[in-house]
Amino acid sequence: MESSSPSVPFPLLQTPVEANYRVCTIPYRFPSDNPRKATPIEIQWIDLFLNSVPSFRQRAENDPTVIDAPEKAEKFAQRYTEILEDMKNDPESHGGPPDCILLCRLREQALRELGFRDIFKKVKDEENAKAISLFEDVVRRNDAIDEGNRVENLIRGILAGNIFDLGSAQLAEVFAKDGLSFLASCQNLVSRPWVIDDLDSFKANWAKKSWKKAIIFVDNSGADIVLGILPFARELLRRGTQVVLAANDLPSINDVTYPELVEIISKLKDEKGQLVGVDASGLLVVNSGNDLPVIDLAKCSPELAYLASDADLVVLEGMGRSIETNLYAQMKCDSVKIGMVKHPEVAQFLGGRLYDCVFKYNEV
């Protein structure tokens, strides 16, 4: 069951899209590589997906919406492991050669074929409720910071929120043990300069220019969307920018979906339609047409394309959407790619540290 709506290219990509856009950041293979033999990078990434199978199986076996969930979860684990081992032996065996989009797509298909629609639903709901209870406190702390330093604090908040990612095997383990404290995460980000760090030029532009419309591709539920992205979106609204939040059509890992995001915002708004004193009438939520934790901008929903056509700022957030895919995507307008590096393989490719940060700003 893939996303239901027809797809169109994201209108702010540099055209022609075929010539200018490469979705996956890390090349797993080159034209000179043997098509029948997995490359060392392909094997490294297949192993990364293999390592995450136990945490997905555990979530699946506890899914109350699926009859015989434990048996079906075991079938999922066997099926997806077989697919990944097949690809090690023959990279073209399942529609390959593999890249991060195909490896995610095959995992989702293996889950959906067994009736698993949203194995992270329970943890998403719990984390959303927790984050909603902290929202007002977080935005009031931001409001108390002078305007010159506030934007950096908001960016740090996005990066801290982005730690809540159950697609990373290590983080899923940490989270299962003791959860993650948002404020502690804000203070404990790795020191700047980050592996890609254009924050100073963004801050300089923030002080002197304003954007009329921003499209923000959002990532995870919980602290990520509620305490990271929404305070930043609220600050843009206060400055007169219309903000469009683009969320997944269908569930994938703990990413927030379009219906979930509509519900979160309705809970955060007061009876005047404000977000803690800021008019939120310029805040829109749109279905991106995507159903994976990574995103191919050559395929987005017609609704998103329509709303994005006159935007002058695009923000892609999260490791999947802004680092593993789209890091080098060229836009016709200003763009920000922001996320935390949560896989050692990505850190190695970028020449940075695990849990390093990416803040890539391109001004047009």
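On a 1 Å grid over the protein atoms alone, a cavity is a set of points where a 1.4 Å probe fits but cannot get out, and lining residues have an atom within 4 Å of a point. The structure examined here is a predicted model, in which local features need pLDDT of at least 70, side-chain atom pairs count only at pLDDT 80 or more, and totals for linings use all residues. Residues are numbered from 1 along each chain, and side-chain values use heavy atoms, without hydrogens and water.

The count comes to four cavities of 30 Å³ or more.

Helix α3 (residues 53-61) packs against helix α4 (residues 69-89) at about 155°, with the axes 8 Å apart. Axes are lines fitted to C-alpha atoms over the stretch in contact, and angles run from 0 to 180 degrees between N-to-C directions. α3 is therefore roughly antiparallel to α4, a label for angles over 145 degrees, while under 35 is roughly parallel, 65 to 115 roughly perpendicular and the rest oblique. The crossing of α3 and α4 is right-handed, meaning that the near helix is turned clockwise from the far one by less than a right angle, with anticlockwise giving left-handed.

Helix α11 (residues 223-238) meets helix α7 (residues 147-161), the axes coming within 7 Å and crossing at roughly 155°. That makes α7 roughly antiparallel to α11. This crossing is left-handed. Contact means heavy atoms within 4.5 Å, and on the α7 side the residues are R150, L154, I155, G157, I158 and G161. By class, the contact of α7 with α11 has eight nonpolar, three polar and four charged residues. Here Ala, Val, Leu, Ile, Met, Phe, Trp, Tyr, Cys and Pro count as nonpolar, Asp, Glu, Lys and Arg as charged, and the others, Gly among them, as polar.

α11 also meets helix α6 (residues 121-143), with axes within 9 Å and a crossing of roughly 40°. α6 is therefore oblique to α11, and the crossing is right-handed.

Definitions and conventions:
Helices (H or I, at least four residues) and strands (E, at least two) are DSSP runs, numbered from the N terminus. On a 1 Å grid over the protein atoms alone, a cavity is a set of points where a 1.4 Å probe fits but cannot get out, and a pocket is an open set with protein on both sides within 12 Å along at least five of seven lines; lining residues have an atom within 4 Å of a point. Grid points are joined across faces, edges and corners, and a volume is the space filled by probe spheres set on the points.
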